[in-house]
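Trainee: Could you walk me through this structure, starting with the ligand? I have it open and would like to go through it step by step.

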Amino acid sequence: MKEFPSIFILTGAGVSAESGIATFRGAGGLWEGHRVEDVASPEGFRRNPSLVYRFYNERRCGIRDKLPNDAHRGIARLQREYPGKVTLVTQNIDDLHERGGSPEVLHMHGEIFKARCGECGGVSPWMEDLDGSSQCGDCGGPLRPHIVWFGEVPLELDTIFEALDSADIFAAIGTSGNVYPAAGFVDHARRRRARCHEFNLEETASSALFHEVHAGPAGRTVTDWVDKLLQEAGSR
Ligand code: BJW
Ligand code: ZN
């Protein structure tokens, strides 16, 4: 029997919304003006690499000057101060969890500040623009954004499911629950008897699967939840 419940946190675009990074779905979403299959699929990249390079170059530029918000900082505080296990998995490609102080982040959909080699698969830090002439430092192969597109297998899945299997508390923060496999995590956690919390501005298609729904901006709701968890852990 564990002394402190293990916590699994999944974050999505909504956790970075208060930092000024647009979410994907809904009015003014990140894909406005682009067809998803043109910019977020391997086929789209093969068809028109310049468009895809440009799309992610603009995203990289737009993220660089954004700052972490209270939700990122609250999650980081939980990771540092909670005496039990806390696993943080993000679908986001930004680095605001890291800059908010999170010691460990699993980026299941990749990272905008990294590039991947199309030949050897090597992944390297990449802060600048990418284009068709960008080459891998190891083998000279062509580089692409280190992003998981539709139809590609998300990253870190073994570690993620291992943590999910042992989670006593599952929290989904700022995600619409539209994209699999992440959208299925709540069901997986429930079957293993985890208590499930959703943090969102609005109801989602999967809200009914959660035991507790925390409605409102993540900066506030996550801070309150973290305060409560740390207080409870401290009074044991
Ligand atoms: C706030 C807030 C505030 C706002 N406070 N909240 C049919 C059925 C089932 C599955 C499939 C299917 N057809 C195809 C699939 C698979 C496909 C899929 O799921 N498609 C669906 C669209 C149906 N999935 C895949 O292809 C994945 N790979 C895969 O399945 O491989 C097979 C495999 C799996 C497992 C094992 C072995 C093999 C890959 C998915 C890759 C997704 N990539 C993207 C793009 C990255 C590039 C880029 O950034 O441009 O990742 S898609 C996009 O969506 C991005 C996000 O990470 C992801 C999730 O979006 P998220 O984070 O939920 O954002 P939003 O905008 O949707 O929601 C934001 C929420 O925040 C909203 O609810 C707001 O209300 C809320 N919010 N402000 C709190 N202040
Ligand atoms: Zn290479």
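**Ligand 1 and its surroundings**

Mentor: Let's begin with a polar contact, meaning a pair of N or O atoms within 3.5 Å: an oxygen atom of ligand 1 lies 2.5 Å from an N or O atom in the side chain of Ser 176. The model is a predicted one, where local features need pLDDT of at least 70, side-chain atom pairs count only at pLDDT 80 or more, and totals for chains, interfaces and linings use all residues. Residues are numbered from 1 along each chain as its sequence is written, chains are lettered from A and ligands numbered from 1 in the order in which they are written, and side-chain values use heavy atoms, with hydrogens and water left out.

Trainee: Which residue has a polar backbone atom 2.9 Å from a nitrogen atom of ligand 1?

Mentor: Look at the backbone here. The polar backbone atom at 2.9 Å from a ligand 1 nitrogen belongs to Ala 218.

Trainee: How many residues surround ligand 1?

Mentor: Count a residue as near if one of its heavy atoms lies within 4 Å. The closest are Arg 25, Thr 175, Ser 176, Tyr 180 and Asn 200, and the whole shell numbers 37 residues.

Trainee: Is Pro 125 buried or exposed?

Mentor: Buried means under 20% relative accessible area, exposed over 50%, and partly exposed in between (1.4 Å probe, protein chains only). Since Pro 125 has a relative accessible area of 68%, Pro 125 is exposed.

Trainee: How far apart in space are Pro 125 and His 146, C-alpha to C-alpha?

Mentor: In sequence, the two are 21 residues apart. In space, the C-alpha to C-alpha separation of Pro 125 and His 146 is 9.5 Å.

How values were computed
Polar contact = N/O pair within 3.5 Å; in protein donor to acceptor, adjacent residues only side chain to side chain.
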